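Here is a short report on one protein model.

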Amino acid sequence: MTFLRNSVFALAAFAATPTLADLTLYSGRGETLVAPIIERFTAETGINVAVRYGGTAELTILLQEEGDRTPADLFWAQDVTALGMIKPMFAEMPSETLEKVESVYRDADGRWIGISGRSRLVIYSPERLEEADLPTTMAELTDERFRGRMALAPTNGSFVAHVAALREATSDEFALEWLQGLAANEPVMVSNNTAGYQAIADGEADLMLTNNYYLGRFLAADADFPVAQTTFEAGDLGNLMMVAGIGVMEGSANKEEAVAFVNFLLGQTAQQYFTGNVYEFPVTGEGIVPVQGRGLTFQEATEAAPEFDLNLIVDMEGTLELIRESGLI
């Protein structure tokens with residue numbers, strides 16, 4: 001009887017212990033980049049994460065189609081344009097989570113938050129371009145001297161977000177004229193940023209507007225990789241500082257676990273991973289050891305960056321339509 005009574009008490013205690021829910025994450029960030037840190041989260045918390053990988057634009061459209069029926073608990077996007085489009089589907093995050101980063105790296109209404117930073121800049125072949133030949137502003141990329149020499153991935157999420165920022169900073173007319181100038185210069189079309197770096201290394205192109213973090217990866221594999229990078233003049237929109245960010249879906253039944261995942265990504269382990277392994281910039285800064293000798297430093301990037309509210313980058317479809325109108329896609 002004693003054994004039976006103790007067994008009943010034990011079963012009751014077990015039943016009363018809350019179980020950790022699994023999470024479903026839609027990730028516009030590539031599997032090779034983020035899978036290791038997701039696995040680390042599971043190892044430390046016991047919370048399993050089922051990941052659906054895809055392009056940020058593709059997953060944005062999918063979430064809009066699924067609406068309240070989406071199985072996703074979280075959406076991790078490569079750029080803020082997608083986050084802005086999905087914003088009405090996100091739940092407001094706890095203030096203690098939002099306060100982990102500066103306001104410039106999160107939604108003004110607290111519905112998404114930046115996880116890692118990246119700077120837009122120009123990469124080039126130091127063998128075929130002298131420093132004096134480099135563009136000093138983003139606008140100069142349409143100059144005749146770059147005809148047939150610029151690599152371009154016009155559907156890349158970061159490029160689309162950058163054009164969206166250009167629209168907000170100037171006008172649709174100015175942005176379209178700039179895009180048409182790029183098209184008239186007969187750019188070397190590439191599938192993505194990685195391909196652009198390789199095209200410059202292989203002599204197929206001489207320069208490209210891209211993100212800073214790729215160079216660190218190439219240099220880690222080959223210290224003599226023949227590509228360099230530089231910023232435009234300080235304050236130019238070409239040096240836009242952007243973030244990859246995440247939001248918790250309003251319809252998630254696992255918000256507590258989802259917020260725990262976000263907090264983990266903002267913790268020192270994950271922030272150091274993004275800095276040391278992915279070569280992006282931390283959004284928290286505390287206790288993070290910067291990677292040396294891999295191109296642009298965080299201080300250089302922030303000093304060169306323009307003042308711009310990332311919350312304004314929301315119209316992805318309208319921006320894609322403008323890129324189509326220019327003839328680039």
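## The largest pocket

Helix H2 (31-45), helix H3 (56-66), helix H8 (193-201) and helix H9 (214-221) each contribute at least two residues to the lining of the largest pocket. Helices are DSSP runs of H or I with at least four residues, strands are runs of E with at least two, and both are numbered from the N terminus. H3 gives the most to this lining, with 3 residues. The model is predicted: local features need pLDDT of at least 70, side-chain atom pairs count only at pLDDT 80 or more, and totals for chains, interfaces and linings use all residues. Residues are numbered from 1 along each chain as its sequence is written, and side-chain values use heavy atoms, with hydrogens and water left out.

The largest pocket has a volume of about 450 Å³, taken as the space filled by probe spheres set on grid points joined across faces, edges and corners. A pocket here is an open set of points on a 1 Å grid over the protein atoms alone, where a 1.4 Å probe fits, with protein on both sides within 12 Å along at least five of seven lines; lining residues have an atom within 4 Å of a point. There are 20 lining residues, and Gly28, Gln78, Asn156, Asn192 and Tyr214 lie nearest the centre. By class, the lining has 4 nonpolar, 13 polar and 3 charged residues. Ala, Val, Leu, Ile, Met, Phe, Trp, Tyr, Cys and Pro count as nonpolar, Asp, Glu, Lys and Arg as charged, and the others, Gly among them, as polar.

## Helix H3

Thr56, Leu59, Thr60, Leu62, Leu63 and Glu66 are buried in H3. Buried means under 20% relative accessible area (1.4 Å probe, protein chains only). Viewed down the H3 axis, the buried residues fall within an arc of 165 degrees, so they line one face of the helix. The arc is that of the directions from the helix axis to the C-beta atoms.

These buried residues pack against strand S1 (23-27), strand S2 (49-53), strand S3 (74-77), helix H4 (80-86) and H13. Gly67 follows H3, with a positive phi near 55 degrees.

## His162

His162 sits in helix H6 (residues 157-169). His162 is buried, at a relative accessible area of 1%. A polar atom of its side chain lies 2.9 Å from the backbone oxygen of Leu237.

## Ala305

Ala305 is in the loop between helix H12 (298-304) and helix H13 (316-326). Ala305 and Thr60 are 27 Å apart in space, C-alpha to C-alpha.

Definitions and conventions:
Buried < 20%, exposed > 50% of the residue type's maximum accessible area, 1.4 Å probe, protein only. Polar contact = N/O pair within 3.5 Å; in protein donor to acceptor, adjacent residues only side chain to side chain. Contact = heavy atoms within 4.5 Å.
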